[in-house]
Amino acid sequence: MAVTVKTFASAGEAAGALSSDRSARYLGGGTLVMRALNEGDVSISTVVRAQDQALTRIDASGPRIKLGAGVTFARVLAERDLGFLHAPARSIGGPAVRNMGTIGGNLFAPNPYGDFTVALLALDATVAVAGGFGSRDIGIEEFLQARDRQAGTLVLSISCTRPASTEAFRYRKIARIKPKGGSVITLAAHLPISGGRIAGARIALGSMAPTQIRARAAERALEGRSLDAATIAAAASAATEGTSPSDNALGSAWYRREIVGVHLRRLLSGQE
Amino acid sequence: MSKIPLQFRHNGRDVAIFVDGGTNLLVALRELIGDMTPKFGCGQGGCGTCSVLIDGELHLSCLTLAETVAGRFVETLDGMKQGPNLHPLQRAFADNFAAQCGYCTPGMLMAAKALLDRNPQPSRDEVIEAISGNICRCTGYEPIINAILAAAGGRVSA
Ligand SMILES: Cc1cc2nc3c(=O)[nH]c(=O)nc-3n(C[C@H](O)[C@H](O)[C@H](O)COP(=O)(O)OP(=O)(O)OC[C@H]3O[C@@H](n4cnc5c(N)ncnc54)[C@H](O)[C@@H]3O)c2cc1C
Ligand code: FES
Ligand code: FES
């Protein structure tokens, strides 16, 4: 069925059009929206686009980086200053999907997708959104918890602090098909160190709940400690707390619960 | 619903067509321009046989909203041959038995061209990575990988 495509020059106009029409869907890279249209999803009757340059801007030089929602994974990979985000970007799809898919769209991608968002969640990112109310910043965790109710809001950009060192940020995606493939589980850890102790640990998990979640019990096990074997073991055994994975073709809920601690232990101990 | 005018460059030639809202580029190329070289496999982004180059970048035409290519350069397999001669990649595919049923071949060739245009001497791993979004049901991939390495002038391992 044909849909109406509305193209706007500014993000503000696009946000206005989105918030006033329940059947409108914003088109980022289209890798999921076009798939839905090809499948005959009749809940979409309007597609909204914005050609605003601000949506594809990358500001990566300072300690706090800002990425426009329309930045693709291929662009992240081409940016040397974004090296800490290369592993999550590289873990997504094949080359064509990375050329098309955007980080804004990834915030909405359901399981087994949304890998980049796992990294952003561990980095305590901030999401700038625009709606009928104007624009505002919202913490990524709050954003994800209310994701189903975000229809009608346009994501403008995502920002986060650059990790202090390569060691401080780690990412791991478990997939059956390599080098591409949906996530069995995805893990990211941000471990800032202050005076030899972890201060502000963040562990984020993908495919362990309906949206990406923080593993708070594991974070608590790490907080204020040094990253030794006992601490790692405690964090790994707490990894399943608060999770609610589901069964899909890539793995059962049982299997996901079994392996998440194993992979968290490997991630924290720096094993391949 | 009214038709939307769309102009872009298709294999070095300007084309002007009218599309319905929501039409994907694969449908526009096959049904409106008559370029049957990009194939329809899944319409889901999963098989890669509809791959084309947009401004030199590999894209899945089944997941591209046709309107988004306005004013841009779209290359398909149809534009690959060089005058009466096959492109070195096409030649290498033929010489290395890299096609059986041939259904995946257009997408494989576009993915390979995107790679070699950017990186003329890729490693074997880079070739594998470059075609990782393209599924072949027949060859087992080895002949395809060898063909791409051969076209690149790389050593073809046994
Ligand atoms: C073959 C294939 C393999 C894939 N592999 C992976 C993978 O390994 N890992 C992974 O994480 N994902 C994967 N994906 C899913 C997808 O490509 C990515 O998640 C991508 O980031 C989605 O971005 P997009 O811009 O293409 O989204 P779109 O399809 O444009 O949009 C997706 C959703 O997000 C909304 N949206 C997009 N941008 C905005 C915005 N700025 N503001 C508000 N709403 C917005 C849309 O309205 C829509 O609801 C794959 C997809 C395919 C087809
Ligand atoms: S038809 Fe486009 S990826 Fe399969
Ligand atoms: S040759 Fe048949 S699908 Fe590749």
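Start in chain A: H10(A) passes H11(A) in a right-handed crossing. Before you click further, note that this is a predicted model, where local features need pLDDT of at least 70, side-chain atom pairs count only at pLDDT 80 or more, and totals for chains, interfaces and linings use all residues. Residues are numbered from 1 along each chain as its sequence is written, chains are lettered from A and ligands numbered from 1 in the order written, and side-chain values use heavy atoms, leaving out hydrogens and water.

**Stop one: the helix pair in chain A**

Select 229-237 for helix H10 and 253-268 for helix H11 of chain A; their axes sit 8 Å apart, at an angle of about 150°. Helices here are DSSP runs of H or I with at least four residues, strands are E runs of at least two, and both are numbered from the N terminus. Axes are lines fitted to C-alpha atoms, for helices over the stretch in contact, with angles from 0 to 180 degrees between N-to-C directions. H10(A) and H11(A) are therefore roughly antiparallel (over 145 degrees; under 35 is roughly parallel, 65 to 115 roughly perpendicular, the rest oblique). As for handedness, a crossing is right-handed if the near helix is turned clockwise from the far one by less than a right angle, and left-handed if anticlockwise.

**Stop two: ligand 1**

Now show ligand 1 and the residues around it, meaning those with a heavy atom within 4 Å. Which of the 34 residues come nearest? They are Tyr26(A), Gly28(A), Gly29(A), Thr31(A) and Thr102(A). Colour by chain too: residues from chains A and B surround ligand 1, so the site is shared between chains.

At Asp115(A), look at the side chain: one of its N or O atoms is 2.7 Å from a nitrogen atom of ligand 1. Taken alone, ligand 1 exposes 970 Å², and the protein buries 94% of that (Shrake-Rupley areas, 1.4 Å probe).

In the shell, H6(A) gives the most, with three residues. Strand E2 (24-26), helix H2 (33-38), helix H6 (103-106) and strand E8 (154-161) of chain A each supply at least two.

Go to Asn111(A) and Pro112(A), joined by a cis peptide bond with omega about 10°. Pro112(A) is in the loop between H6 and helix H7 (115-122) of chain A. Then pick Asp124(A), which has a positive phi of about 55° although it is not a glycine; its loop runs between H7 and strand E6 (126-131) of chain A.

**Stop four: chain B**

Select helix H2 (residues 88-95) and helix H5 (residues 142-151) of chain B, whose axes come within 8 Å and cross at roughly 135°. H2(B) and H5(B) are therefore oblique to each other, and their crossing is right-handed.

Technical notes
A polar contact is a pair of N or O atoms within 3.5 Å; within protein, one must be able to donate a hydrogen and the other to accept it, and residues adjacent in sequence count only if both atoms are side-chain atoms.
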